[in-house]
Amino acid sequence: RGPLLRLPPGYWIEFEAYSDSRKPLVFSLNGEMSRRKDGTREFNIGPQLRWKPRSNVSLSVHPEVDFLHTYRQWVANVDDALNAATYGKRYVFAYLNEKVLSAEIRLNWIFNPRASLQAYLQPLIAVGKYSEFKELAQPATYAFNHYGRDGSTIARDGEGYTVDPDGEGPAPAFTFADPDFNFKSLRGTVVFRWEYRPGSIFYFVWTQNRQDFANPGDFDFGRDLGDMISAKGDNVFMLKATYRFNL
């Protein structure tokens with residue numbers, strides 16, 4: 001919670017397209033884009049392909065790409081009793097260049113009325129680079145005091161930044177952690193269901209999760225994809241069985 005931030009005007013467009021859902025191969029496309037007067041913009045597109053070669057088999061692939069450039073990404077709140085303009089706090093914002101690539105892959109396979117297999121895979125790469133750090137100047141406005149200008153200073157300090165908001169003035173310097181990130185994740189689940197007798201069911205579930213955080217703020221698709229695939233995975237296996245008694 002904090003003071004109001006007035007957003008500059010902008011526009012937003014959404015679009016969708018679909019092929020004939022009665023066909024074995026179905027294609028759809030949806031996306032959106034937006035832009036504001038300050039230059040903030042976002043573009044998102046997500047094609048989807050569903051294939052049903054037979055009535056008992058269905059495979060769907062849904063990749064998605066999201067590019068975001070925003071000049072008002074919140075970073076931190078810093079206590080400063082001398083900063084009366086924003087009620088004793090400094091609200092730190094930055095420019096964020098973010099890229100997110102993800103996909104959802106699903107397989108449904110019904111072997112017979114009593115046995116089926118479901119598989120789900122979700123790869124994700126999300127990279128964000130922050131710059132142009134600043135603070136809100138006045139509530140209910142879109143005015144900022146940019147660090148490194150008008151007597152203020154900002155310097156890289158280890159894994160974070162040190163800011164002096166008024167140089168030689170009375171306001172104390174403060175630090176905050178580097179918010180850059182590079183998050184890679186690969187999650188998958190396989191579920192096998194077998195009704196070995198009427199009303200009695202056996203389940204086998206395998207879940208794997210891989211994560212990697214190397215190279216924050218630096219996007220390289222080939223390298224990041226390799227890091228995601230080669231990351232150490234956590235495996236969870238579960239067995240469940242039910243038995244129906246005829247009493």
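Of the 247 residues in the protein, 32% are buried, where buried means under 20% relative accessible area with a 1.4 Å probe and only protein chains counted. The structure is a predicted model, in which local features need pLDDT of at least 70 and side-chain atom pairs count only at pLDDT 80 or more, while totals for chains, interfaces and linings use all residues. Residues are numbered from 1 along each chain as its sequence is written, and side-chain values use heavy atoms, with hydrogens and water left out.

The protein holds 1 helix and 13 strands, taken as DSSP runs (H or I of at least four residues for helices, E of at least two for strands) and numbered from the N terminus. Because its radius of gyration, 25 Å, is well over the 18 Å that the globule rule gives for 247 residues, the protein is more spread out than a compact globule; the radius is taken over C-alpha atoms, and the rule is 2.2 Å times the number of residues to the power 0.38.

The largest nonpolar core has 14 residues, a core being a set of buried Ala, Val, Leu, Ile, Met, Phe, Trp, Tyr and Cys residues joined through side-chain atoms within 4.5 Å.

Strand 4 gives the most, with 4 residues. Phe-133, among the residues with the most contacts inside the core, touches partners including Val-75, Tyr-147 and Phe-176, contact meaning heavy atoms within 4.5 Å.

Methods. Buried < 20%, exposed > 50% of the residue type's maximum accessible area, 1.4 Å probe, protein only. Lists of a residue's contacts leave out its neighbours within four places in sequence.
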